[in-house]
Amino acid sequence: MNHEQVADRVIKYVGKDNLIAAAHCATRLRLVVKDVKKIDQKGLDNDDDVKGTFSINGQYQIIIGPGDFDKVYAFFIKKTGLKEVTPDDLKNLATDGKKANPVMALVKLLSDIFVPLIPALVAGGLLMALNNVLTSQDLFGAQSVVQMYPGLKGVSELINLLASAPFTFMPILIGFSATKRFGGNPYLGAAIGMAMVMPSLVSGYDVANVMASGKMAYWNIFGMDVAQAGYQGQVLPVLAVSWILATIEKWLHKHMPATPDFIFTPLIAVIITGLLTFIGVGPVMRTLSDALTNGIVWMYNTTGFIGTAIFGTFYSPIVVTGLHQSFPAIETQLLTNIAKTGGDFIFPIASMANAAQGAACLAVFFISKNEKQKGLASSAGVSALLGITEPAIFGVNLKLRYPFFCAMIASGISSIIIGIFHVLSSALGAAGIIGFISLPPKSYLPFFISIIISIALGFTLTYAYGKKFDKVTTATPVSEGKDIEVADEMIAAPVSGELINLSEVNDQVFSAEIMGKGAAIKPNDGNVYAVADGTLTVAYETKHAYGIQTDDGAEILIHLGIDTVDLKGQYFTSNVTQGQHVNKGDLLGTFDLQKIQAAGYDTTVMIVVTNSATYSDVDRLNKSDVTSGDDIVALTKPTLETTPVATA
């Protein structure tokens, strides 16, 4: 790569007079421009040295890649005369003179709180679905499975207990996650959540009936009658209480001397929060929560199939904006009040949208003549059908545009059926073709009809349009977990934790594999080790990323967390310098997981092979929990084809 020429082309595409400020992180140039419409997007898209672009939060970001972007950036700054700023300064410039976006701030807050809870909710939801299969009549016969086979009754009851636990004790889970997000001690948050669902209280599900019958028990506290009411099935009260708890705790930590702080801060924070919870905050937020739930249900019942059609059409664009990250909070409220709401209407519609995007992506596979794009479209399409849409949306459909819009049309039409038959889920799960297991059995047939329509229309519309206008371009294939017996080079895990696909990372640059293929790890400790023998090509002052060129030629990016460049090195340490040779297993540095998470950042570690194109295969190994030093990515070099020599 000629870095100066790349900088010249980027300046040409963006427009020198269009630039306001520039910064960078480990993978991309971050720009603030006067007018995004003046950018030559086609030129950037067709430039082989530009891996991708996107615009978010007032910033226009251009992905160049580690080992190259810093050199390109240096020429870029020199030639434009722009003042270098930090990513934080750039954010301020991007929002200067603009009102802060409270909606996006709320979405991020809810996402940070509820996304960690999704595994527990999905597990409980799928177990609930399994129990429905066992106990529903007219599914396999006139009697339920349990009635036909009484020996399964105990199994069914145990499954029901396990399924109900996450929802019954939801305030504990939310208390832990929300207090942690607000900067408090999550265990104190869990303790307050436990207090809100104590068995001695009237169950939150029965509060309205007990109140109406006049049988509610009360405490006399400071001359006030305080209802002994629980908060099962409630979301908003726990969020408010968690914020109060974290705020009180942080204030006490700041103003109390060290020794009494350790002893008395938890005591004071819990007792004050507890009093506020049951005396005022809880009842007020319960009323607001019930009003919100009733409002959502009213809107769904009033708009009917027209509302579901509109929501289904625009669900995928909502995913692109990130607003869908707030939906778990709404879905949780709907599911924990299922007796009142009937279930969750968002999940079936999400299944239609995801299936349509997957089908559109698979249509690209059949009309594309480019092998790389076919590889991406096939794996990303199947992934989307199963509920993971980021690789399909960002890697294929949005790049080509027409598959994305064809899928929107298909989703909107299929969601009409969802609305007509009032298909509601009784649990969370995988929003795709297997989403039926999260529905009551009576909804299976309309769900299958809807999803078949979604897939058929998404595929047919995309295939017909693509064939007629032939607008298929190139892309990079997505890797899946595999069992590998032989490889040319193995890349080890830099940290210990849960190994996941890059497609699951909450950053489209990584999830769509724009930077290259590889893997990601949800870490459980903060030590970062070298993944192979090689030379450090990148070691940033912010200490949040490392680049290694292995002795065998692989170029590896280790990126610690998402957007952690904004921390400016806080909570990170580094033991190495750029240009240093390291051996596999050498300690590169550390990062404080708890403090980074408390600051609101995702700590997922990405391991990306940035020169993936030079290998025939880059495969994540079929593992789940890994320890630093374990092999996680296998690299296979292209096989040279030779012509056999004829012999007499």
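Trainee: With which residue does K79 form a salt bridge, and how far apart are the closest N and O atoms?

Mentor: First, the general idea: side chains of opposite charge can pair when their charged atoms come close. A salt bridge is a side-chain nitrogen of Lys or Arg within 4 Å of a carboxyl oxygen of Asp or Glu. Here K79 pairs with E4, and the closest N and O atoms are 3.0 Å apart. K79 lies in helix 3 (residues 69–80) and E4 in helix 1 (residues 3–14), so the pair ties together parts that are 75 residues apart in sequence. Helices (H or I, at least four residues) and strands (E, at least two) are DSSP runs, numbered from the N terminus.

Please bear in mind that this is a predicted model, in which local features need pLDDT of at least 70, side-chain atom pairs count only at pLDDT 80 or more, and totals for chains, interfaces and linings use all residues. Residues are numbered from 1 along each chain as its sequence is written, and side-chain values use heavy atoms, with hydrogens and water left out.

Trainee: Are K79 and E4 buried, partly exposed or exposed?

Mentor: Buried means under 20% relative accessible area, exposed over 50%, and partly exposed in between (1.4 Å probe, protein chains only). K79 is partly exposed at 26%, and E4 is partly exposed at 35%.

Trainee: Which residue forms a salt bridge with K79 at 3.3 Å?

Mentor: That residue is D8, whose closest N–O separation from K79 is 3.3 Å. D8 lies in helix 1 and K79 in helix 3, so this pair ties together parts that are 71 residues apart in sequence. D8 is partly exposed, with a relative accessible area of 35%.

Trainee: How many salt bridges does a search of the whole structure find?

Mentor: The search finds 4. One of them joins the side chains of R9 and D47, at 2.6 Å from N to O. R9 is in helix 1, whereas D47 is in the loop between helix 2 (41–46) and strand 3 (52–56), 38 residues apart. R9 is partly exposed at 24% relative accessibility, while D47 is buried at 7%. Shared partners also join E4, D8 and K79 into one network of salt bridges.

Trainee: Which residues touch the most other members of the largest nonpolar core?

Mentor: A nonpolar core is a set of buried Ala, Val, Leu, Ile, Met, Phe, Trp, Tyr and Cys residues joined through side-chain atoms within 4.5 Å. The largest core has 48 residues, and F311, Y315, F345 and F510 touch the most other members. Several elements each supply at least two residues, including helix 13 (258–321) and helix 16 (346–367). Helix 16 gives the largest share, 8 residues. Another core, of 37 residues, lies apart from this one and has I192 and L236 among its members.

Trainee: What is the strand order in the open sheet of 3 strands?

Mentor: Two strands pair if DSSP finds at least two bridges between them. The order is 11-17-15, with antiparallel pairing. Strand 11 (527–529) and strand 15 (572–574) are the edge strands, each pairing on one side only. Strand 11 and strand 17 (residues 587–591) are joined over 3 bridges, and V528 has G589 as its bridge partner in strand 17.

Trainee: Where is S612 found?

Mentor: S612 is in the loop between strand 18 and strand 19 (617–621), and this residue is buried at 7% relative accessible area.
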